[in-house]
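Welcome! Have the sequence and the 3D view ready, and let us walk through this protein one region at a time.

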Amino acid sequence: MKKRVSASAPGKLMLFGEHAVIYGDPCIVTTVDQRIRAEVERNGEDVFHLEAPDLGLEVYKKSIEDLGSEEMPKEVRFIERLYKNFLDKYPQDKGIIVETKSEFSSSFGFGSSSAVTVGFAKALVELYGLEFSKGELFDLCYGAVLDVQGVGSGFDLAAAIWGGTLYYVSPAKVVEKLEVGKLPLVVGYTGVKADTPTLVRMVRRLKEERQEMVEGVFGGIAEVVEEAGEVIEKGDWERAGGLMDKNQELLRKLQVSSVELEDLIEASEKAGALGAKLSGAGGGDCMIAVVEEKKRGEVEKEMDKVGGRALEVEAGVEGVRVEEAK
Ligand code: PMV
């Protein structure tokens with residue numbers, strides 16, 4: 001019987017297809033080399049004990065009977081909800097201690113909640129010696145996310161589970177690994193934290209008001225995604241950049257871009273990026289640009305000048321993995 005297990009999962013970046021993916025269209029997502037680690041240990045008491053200092057929670061304890069939702073950072077709510085759902089299916093009378101450690105700030109929009117949810121789920125399943133397929137792990141995580149947040153395509157969970165660069169249709173109906181080499185990306189952080197559920201609801205409202213327009217935009221995004229899948233597998237970065245511009249144009253019509261995002265996009269393109277777009281829900285967080293290696297320094301400098309921050313990330317890294325099991 002295992003006593004302690006730790007697992008880590010990567011953050012993500014949406015490359016193409018945000019928002020439309022909620023309505024059944026495909027998207028392309030990649031992982032980033034910024035991981036969150038979750039360690040779980042049996043504690044011999046009927047208590048759930050959580051320490052997540054990087055997620056804004058020092059020590060939190062609750063009796064197993066009282067598990068449920070409460071006001072706390074959303075990453076932490078995902079963990080508690082997932083644990084509760086897990087225990088409903090696999091009852092245990094003794095609890096666990098959970099500790100999380102993040103390599104990145106939860107403000108960047110790299111998917112700290114999906115990474116921590118997946119890392120925790122994997123560690124939990126391993127601790128109890130269960131054999132879960134990737135699809136089963138996804139279902140466990142997605143269930144918790146929907147319980148807490150009510151919306152979401154699960155693209156970020158899929159990235160954290162399968163790793164690499166994925167062509168994805170929600171909820172994990174299609175998960176296809178794309179064969180891509182190193183992605184020549186520059187990631188720019190706006191400094192503004194965006195709230196994904198709020199933006200998702202805004203688009204839903206816009207769709208109710210202007211259905212035809214929004215459906216047309218989704219159709220356009222779906223075409224971009226299909227083409228982008230082929231183009232990035234070929235390593236045709238010039239065309240990939242053009243498709244990012246096209247995707248961004250469509251996202252503007254959904255009114256999810258922001259001044260800060262536009263400033264960074266413009267700065268990167270002026271400095272020679274092959275194309276750029278927001279990444280994720282919009283309203284803030286990060287943008288991405290396709291940039292040839294020789295232009296990288298210049299692009300980063302220009303983004304810095306307009307108040308952004310270029311983040312060093314490697315894309316397409318391995319998905320969730322067990323780090324230690326004792
Ligand atoms: O804001 P992020 O990085 O979590 O991305 C959200 C992407 C959406 O398509 C808007 C929502 C979703 O769950 O797919």
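## A strand with two partners

Strand S8 (residues 185-189) pairs with strand S10 (residues 286-290) in the antiparallel sense, over five bridges. Strands and helices here are DSSP runs, numbered from the N terminus, with at least two residues (E) for a strand and at least four (H or I) for a helix. Two strands count as paired if DSSP finds at least two bridges between them. S8 also pairs with strand S11 (residues 309-311), again in the antiparallel sense, over three bridges. Val187 is a handy landmark: it stands opposite Ile288 in S10 and opposite Leu311 in S11.

This is a predicted model, in which local features need pLDDT of at least 70 and side-chain atom pairs count only at pLDDT 80 or more, while totals for chains, interfaces and linings use all residues. Residues are numbered from 1 along each chain as its sequence is written, and side-chain values use heavy atoms, with hydrogens and water left out.

How many residues of S8 are buried? Five of its five residues are, where buried means under 20% relative accessible area, exposed over 50% and partly exposed in between (1.4 Å probe, protein chains only). Leu185, Val187 and Tyr189 point one way from S8, while Val186 and Gly188 point the other way.

## The whole sheet and its helices

S8 belongs to an open sheet of four strands, in the order S9-S10-S8-S11, with antiparallel pairing. Strand S9 (275-279) and S11 are at the edges with a single partner strand each, so one side of each has no neighbour in the sheet. S9 and S10 run antiparallel and are joined by five bridges, with Leu278 having Met287 in S10 as its bridge partner.

Helix H8 (residues 259-270) packs on this sheet and touches S8, S9 and S10, its direction making about 160° with that of S9. Helix H9 (residues 296-305) packs on the sheet too, touching S8, S10 and S11, and its direction makes about 10° with that of S8. Touching, or contact, means heavy atoms within 4.5 Å.

Helix H1 (residues 74-89) has 16 residues, which should span 22 Å at 1.5 Å a residue; its end C-alpha atoms are 23 Å apart, which agrees. The expected span is 1.5 Å times one less than the number of residues. Among the buried residues of H1 are Val76, Phe78, Ile79, Leu82, Tyr83 and Phe86. An α-helix has 3.6 residues a turn, so residues three or four places apart point the same way. The cover over the buried residues of H1 includes strands S3 (47-52), S4 (57-63) and S5 (96-102), together with helices H2 (112-127) and H3 (134-149).

H3 has 16 residues as well and reaches 22 Å from its first C-alpha to its last, close to the 22 Å expected. Its buried residues include Leu137, Phe138, Leu140, Cys141 and Tyr142. H1, H2, helix H4 (155-162) and strand S6 (165-169) are among the elements that cover them. After H3 comes Gly150, whose phi is positive, near 75°.

His49 sits in strand S3 and is buried, with a relative accessible area of 13%. Its side chain makes a polar contact of 2.9 Å with the side chain of Glu51. A polar contact is a pair of N or O atoms within 3.5 Å; within protein, one must be able to donate a hydrogen and the other to accept it, and residues adjacent in sequence count only if both atoms are side-chain atoms. Leaving aside neighbours within four places in sequence, the contacts of His49 include Asn43, Val59, Tyr60 and Ile97.

Val225 lies in helix H6 (residues 211-234) and is buried, with a relative accessible area of 0%. Val225 and Gly17 are 208 residues apart in sequence, yet 6.1 Å apart in space, C-alpha to C-alpha. Beyond four places in sequence, Val225 is in contact with residues including Phe16, Gly17, Pro26 and Tyr167.

## Around the ligand

Which residues come nearest to the ligand? Of the 13 residues around it, these are Lys12, His19, Ser153, Thr196 and Ala281, where a residue is near a molecule or strand if one of its heavy atoms lies within 4 Å of it. A polar backbone atom of His19 is 2.9 Å from an oxygen atom of the ligand. A polar side-chain atom of Ser153 lies 2.6 Å from a ligand oxygen atom, and an N or O atom in the side chain of Thr196 is 2.7 Å from an oxygen atom of the ligand.

Note on methods. Axes are lines fitted to C-alpha atoms, for helices over the stretch in contact, and angles run from 0 to 180 degrees between N-to-C directions.
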